[in-house]
Amino acid sequence: MSKRRSDWQNRPQERFVRWMREGYLALDEAIEDSVLQPGEAPPEVDPELAAQHQEAALQHRHDRDLALDRLAQYDLYAWTLTKGRRLIGRLHVLLSLLLGGMIIFFLLGTVAHMPRFGAADVPANNEVITRYIEQGLAETGATNMVAGMILDYRAFDTLGESTVLFIAACAVLILLRIDLDDKGQPTQQLIAEESDDRHYEPKNDRILQGTAILLTPILLLFGLYVILNGHLSPGGGFSGGAIVSSGLILYLNAFGFKKAGRFFSYKTFQWVSFGALGFYGVAKAYSFYCGANGLESHIPLGTPGAILSGGLIMPLNIAVGLVVACTMYIFYALFRKGGL
Amino acid sequence: MLDWIRFIITALFLLSGLSMLITAVIGVYKFDYVLNRMHAAAMGDTLGLLFCLIGLTVSAPDIWTALKLLLIICLLWVASPVGSHLIARLEVTTNPHWHQLTGAEKDEDQEVDV
């Protein structure tokens, strides 16, 4: 009969489409059949009239196709809302389970293949580690072996890390800062952000302010302790700087930008970061220069375990801590409203 | 003997804390609005953490570690409710339809001061 009855209709794609449309094709077929019903030979007609009729029929068919297309689209839309959503949801669950299972499997496999804790024949146990453990205290003067490593043996690496932080802060500053316009007047965007922030900011929240009064000094003190004690106990510039900046951010949240701006502005950020990184670079350049040329550096190592010991490690910790604290604080301020 | 008693106390506290946390997680996934979810999450934040840290305190090797753990409990009990309060405050400030979403009766007399 009609062309639609040929075999392509039973291909998997077509069956999927039919399943998706849920019986839409039956209607389609009925219309198609009624239109293409074979009849007796057409009687003789006026060719002009026939052309008109043909045109009308074409137009009608075009309209009908359009309508059917719309119907199909609507059906597809309905499908995404019901069956499709269920299907995708199940697929999602299945894939998540698979992914989670795979990660668990590989992690457990990796752990199972690791050497036993404290085994002597691990590849990491080589002459470098031996040197750090045996000579570290004598050479760096730091009781905390990790601080001795990252701020003495591998201080260049730590300088790079601090510089990365500084560059990241600069990039965020360039991207997010909403500046004054050319005449020094606040722009529309700045005013909008300001009012938005005033609206959403927990301004004069008694609970938060009480907590901030209680916690900010503790956080700052603890951060300073972690920084200054970095060569004696676990800690150091990075972690201490993060704690200090969390104290600053808490203060900023509780009391607003106006009060926080009294002790922290762009100038503070510039000078503190520049000073800390510059000091770090100069100090380490001096120490590397002396060490490479076999000169006496005249930096006293002190008695191990005392607070003033470890040579350059404590000042370098302070520099790293300052950079980290400033960077995190300015990240927060810029992401919140695009300025200090 | 003493070690065993200590171990059992630790295990009991840790298990109850973990069950608290699991309840909190289930609650967070069960509810679908932020204020309702916070109600569930706050359980884990306070009671679950308290139980876990008390369990660790009991098993601490010396008195100073135990005191530090108690300090951590103090810090968390001060900080985490304040965090929840801020989230709730932001939601109430920014969403005028929170009454319908929580399913609570709107109390006309009680104005939310934000």
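Q: Which residues count as nonpolar, which as charged and which as polar?
A: Ala, Val, Leu, Ile, Met, Phe, Trp, Tyr, Cys and Pro count as nonpolar, Asp, Glu, Lys and Arg as charged, and the others, Gly among them, as polar. By these classes, the lining of the largest pocket has 10 nonpolar, no polar and one charged residues.

Q: How is the model to be read?
A: This is a predicted model, in which local features need pLDDT of at least 70 and side-chain atom pairs count only at pLDDT 80 or more, while totals for chains, interfaces and linings use all residues. Residues are numbered from 1 along each chain as its sequence is written, chains are lettered from A and ligands numbered from 1 in the order in which they are written, and side-chain values use heavy atoms, with hydrogens and water left out.

Q: What makes a set of grid points a pocket, and which residues line the largest one?
A: On a 1 Å grid over the protein atoms alone, a pocket is an open set of points where a 1.4 Å probe fits, with protein on both sides within 12 Å along at least five of seven lines, and lining residues have an atom within 4 Å of a point. The lining of the largest pocket includes A:Phe222, A:Tyr225, B:Lys68 and B:Cys74. Its space is about 490 Å³, a volume being the space filled by probe spheres set on points joined across faces, edges and corners.

Q: Which helix gives the most to that lining?
A: Helices are DSSP runs (H or I, at least four residues) numbered from the N terminus. H9(A) gives the most, with six residues, and helix H3 (63-94) of chain B also supplies at least two.

Q: Why is the pair A:Asp205 and B:Arg89 called a salt bridge?
A: A salt bridge requires a side-chain nitrogen of Lys or Arg within 4 Å of a carboxyl oxygen of Asp or Glu. Across the interface of chain B and chain A, the rule finds one salt bridge.

Q: How much area do chain B and chain A bury between them?
A: Buried area is the accessible area (1.4 Å probe) that two parts lose on being put together, summed over both. Chain B and chain A bury about 830 Å², 76% of it on carbon and sulfur atoms. The contact (heavy atoms within 4.5 Å) takes 10 residues from chain B and 10 residues from chain A.
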